[in-house]
Amino acid sequence: MADNMPKHGTFCWNELVTRDTGAAGKFYSQLLGWKLNDSGMPGMNYTMFKVDGMEQSAGGMVAMPAQVPKEVPSHWMAYITVDDIDATCAKVKELGGQVLVGPMPVPNMGRFITVLDPTGAAVSFFQFE
């Protein structure tokens, strides 16, 4: 892994999952001055939040998938870097967590999983290519 890549065990991304991307985008752009940029990912409507003068995005936003139950509110999802997504997936299960999504590929970036820890807290893990 390159020296500028996030290290194993560090938070690397924040993502807003919401049922109303228009309202959420307006809120954060007015509140924080974030610019909304389409990610350009083929087949996916994904918005990048950009801060003026910064190369790195502040985070991303995606519409909540239709299959997510209505009682799940809009939320921010944190991503933690791991060296081996498959080993992390197995360890989550071994330690009493539940894998909800993945491992799933993110083209030209890596793979991720979304889990519930044994206390019910949701978090995602990401392995960069």
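## Basis of the values

Residues are numbered from 1 along each chain as its sequence is written, and side-chain values use heavy atoms, with hydrogens and water left out. Because the model is predicted, local features need pLDDT of at least 70 and side-chain atom pairs count only at pLDDT 80 or more, while totals for chains, interfaces and linings use all residues.

## Overall fold

The protein has two helices and eight strands, where helices (H or I, at least four residues) and strands (E, at least two) are DSSP runs numbered from the N terminus. Read from the N terminus on, the order of elements is β-α-β-β-β-β-α-β-β-β. The radius of gyration is 15 Å, close to the 14 Å that the globule rule gives for 129 residues, so the protein is as compact as a globular protein of that length. That radius is taken over C-alpha atoms, and the globule rule is 2.2 Å times the number of residues to the power 0.38.

Along the principal axes, the C-alpha atoms fill a box of roughly 45 × 40 × 25 Å. The accessible surface comes to about 8,100 Å², with 57% of it belonging to carbon and sulfur atoms; areas come from the Shrake-Rupley method with a 1.4 Å probe, and for residues only the protein chains shown count as cover. Buried residues make up 33% of the 129 residues. Here buried means under 20% relative accessible area, exposed over 50%, and partly exposed in between (1.4 Å probe, protein chains only). Of the contacts (heavy atoms within 4.5 Å) with a separation of 6 or more, 48% are between residues 24 or more positions apart.

## Helix α1

Helix α1 takes in residues 21-32, and at 1.5 Å a residue its 12 residues should span 16 Å; the end C-alpha atoms are 16 Å apart, which agrees. The expected span is 1.5 Å times one less than the number of residues. The helix is followed by G33, whose phi is positive, near 80°.

The buried residues of α1 are A24, G25 and Y28. Seen down the helix axis, these buried residues fall within an arc of 100°, so they line one face of α1. The arc is that of the directions from the helix axis to the C-beta atoms. The buried residues of α1 pack against β1 (11-18), β2 (35-38), β3 (46-50), β4 (59-63) and β5 (75-81).

## Cysteines

The structure holds zero disulfides, a disulfide being a pair of cysteine sulfur atoms within 2.5 Å. The sulfur of C12 is 16 Å from the closest cysteine sulfur, in C89, too far for a bond. C12 is buried, with a relative accessible area of 19%, and C89 is buried at 7%.

Strand β8 covers residues 122-128 and contains S124. S124 is buried, with a relative accessible area of 0%. Leaving aside residues up to four places away in sequence, S124 touches M77, A78, Y79, I80, I113 and T114.

F126 is also found in β8 and counts as buried at 7% relative accessibility. Beyond four places in sequence, the residues that F126 touches include C12, Y79, I85, V106 and F112. The C-alpha atoms of F126 and Y79 are separated by 6.3 Å, although the two residues are 47 residues apart along the chain.

M5 lies in the segment before β1 and is partly exposed, at 23% relative accessibility. Its C-alpha atom is separated by 8.2 Å from that of F128, 123 residues apart along the chain.
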